[in-house]
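Subject: Structure for your review

Hello,

Here is the structure I said I would pass on.

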Amino acid sequence: MVPVKVLSYNIRSMRDDTDALARVIRACAPDLVLIQEAPRFFRWRKKLARLASASDLVVLTGGGTAAGPAILCNLRATVERTEDVLLPLTPGQHRRGFATAVVDIAGARLGVLSCHLSLQKDERHDQANALLDRLAGMGVDHAVAGGDLNEGPTGPAFTRVAANLQDCWAVGPQGGEHTWTRTEPHRRIDAIFATKGIEVLGCGVPVDLPGITETDLRAATDHLPVLATLGIPAP
């Protein structure tokens, strides 16, 4: 097993304290960061590149070309291919998409997908099906998906994904649970999922890591991040 750290984080288009955001990401020391609400408009590439540099990472794919989702990585990752996917647009709703990649980390080949599902229930469920189809078509034995699902674990889209993939928090809870705490009740609407065969060593909101403070978590964005430590089988 190759240990890989995956962080999923809705960064609210970097409209908050970007220094705090970078400090949180650096403290997590992730190999892969699955971003939602990356900058999409004016100079979005430059803004995302600045965040990656401040976090000791590089931009792998996504951003405006995926309607918000993006993937950052460290130099452990060797990139095999990337693809940004735009999903069907429902009139009156925001455009949604997936940022996807296939990477090799220390001999472990891994499919990666970042998503931000719709606010509308039926569209969200359709996008959950599209997520599973996309992972199945990536041609890899092992894959991880993460993002903002806009609903909790009892919702139909969340349930659909969790029925086919490991819900990493449910398998190996570690740290905090709720990722949306700005309103009551607090909810777990952001998650990381892994295909069968990947070992979940721990997953949750990294509230107790050295270098992470409550002040930075509150200042960085309106969501809390999810960090998973995974064991990826290698040939």
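Asp16 counts as partly exposed because its relative accessibility is 29%, which falls between the limits of 20% and 50%. Please keep in mind that this is a predicted model. The side chain of Asp16 meets that of Arg12 in a salt bridge, with N and O 2.9 Å apart. Arg12 is also partly exposed, at 24% relative accessibility.

The count of salt bridges comes to 9. One of them joins the side chains of Glu83 and Arg134, at 3.3 Å from N to O. This pair links distant parts of the chain: Glu83 sits in strand E5 and Arg134 in helix H3 (residues 121-136), 51 residues apart. Glu83 has a relative accessibility of 42% and so counts as partly exposed; Arg134, at 27%, is partly exposed as well.

Another salt bridge is formed by Glu151 and Arg124, whose closest N and O atoms are 2.7 Å apart. Glu151 lies in the loop between strand E8 (143-148) and helix H4 (156-162), and Arg124 lies in helix H3, so the pair ties together parts 27 residues apart in sequence. Both Glu151 and Arg124 are buried.

Glu80, Arg81 and Arg109 are linked in a network of salt bridges.

The loop residue is Asn74, found between strand E4 (70-73) and strand E5 (77-86). Asn74 counts as buried because its relative accessibility is 16%, under the 20% limit. Its side chain reaches the backbone nitrogen of Arg76 at 3.0 Å. Leaving aside residues up to four places away in sequence, Asn74 touches Pro30, Asp31 and Leu57.

Regards

Notes: Residues numbered from 1 in each chain as written. Predicted model: local features only at pLDDT ≥ 70, side-chain atom pairs only at ≥ 80, totals over all residues. Heavy atoms only, no water. Helix = DSSP H or I, 4+ residues; strand = E, 2+ residues; numbered from the N terminus. Buried < 20%, exposed > 50% of the residue type's maximum accessible area, 1.4 Å probe, protein only. Polar contact = N/O pair within 3.5 Å; in protein donor to acceptor, adjacent residues only side chain to side chain. Contact = heavy atoms within 4.5 Å. Salt bridge = Lys/Arg side-chain N within 4 Å of Asp/Glu carboxyl O.
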